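The entries follow the order in which I worked.

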Amino acid sequence: MSATADHAEERTNPAARLGFQPGQVVQEIGYDDDVDQELREAIEEAVEGDLMDEDFDDVADAVVLWFRDDDGDLTDALVDATTYIEEGGAILLLTPKTGRSGYVEPSDIQDAATTAGLTASKSVSVGKDWSGSRLATPKAAKSKK
């Protein structure tokens, strides 16, 4: 594939735009009937494999976290999600867009991410009803012995 084709794919495929790569293991948390199936399929296509469910008991390269305002405490959900991923891995936090049932305020996302020790990026539209925030885990400092 040419560099031009790669850039075109990044613009049209939200999973590629969000940084998903072939071979990554991606765990999905918070799946329900309201999730964006097209986005899920795009992520599976980008990683060339299935999304792992909440019962996956190994370490993932990234986590897709579907979260709605009535799902409980966002900080707790983010802290829990960090236990599933490699150091330096990412969490894609997906929340309903403004005006949709379950909408989460951007300030709440920022506060929860900071409290959970994550670095939040700008929110991006990833579908008709969902916004995504890519949250990065800190790379562990190398310990000196």
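I took helices (H or I, at least four residues) and strands (E, at least two) as DSSP runs, numbered from the N terminus. The model is predicted, so I kept in mind that local features need pLDDT of at least 70, that side-chain atom pairs count only at pLDDT 80 or more, and that totals for chains, interfaces and linings use all residues. Residues are numbered from 1 along each chain as its sequence is written, and side-chain values use heavy atoms, without hydrogens and water.

Entry on the pocket. I looked up which elements each supply at least two residues of the lining of the second largest pocket, and found strand 3 (85-96), helix 5 (106-115) and strand 6 (130-136). Helix 5 provides the largest share, three residues. The lining has 15 residues, and Val104, Pro106, Ile109, Ser123 and Ser133 lie nearest the centre of the pocket. A pocket here is an open set of points on a 1 Å grid over the protein atoms alone where a 1.4 Å probe fits, with protein on both sides within 12 Å along at least five of seven lines; lining residues have an atom within 4 Å of a point.

Entry on contacts. I then asked which residues Leu78 touches, leaving aside neighbours within four places in sequence. With contact taken as heavy atoms within 4.5 Å, Leu78 meets Leu65, Ile91, Ala112, Ala113, Ala116, Leu118 and Leu135.
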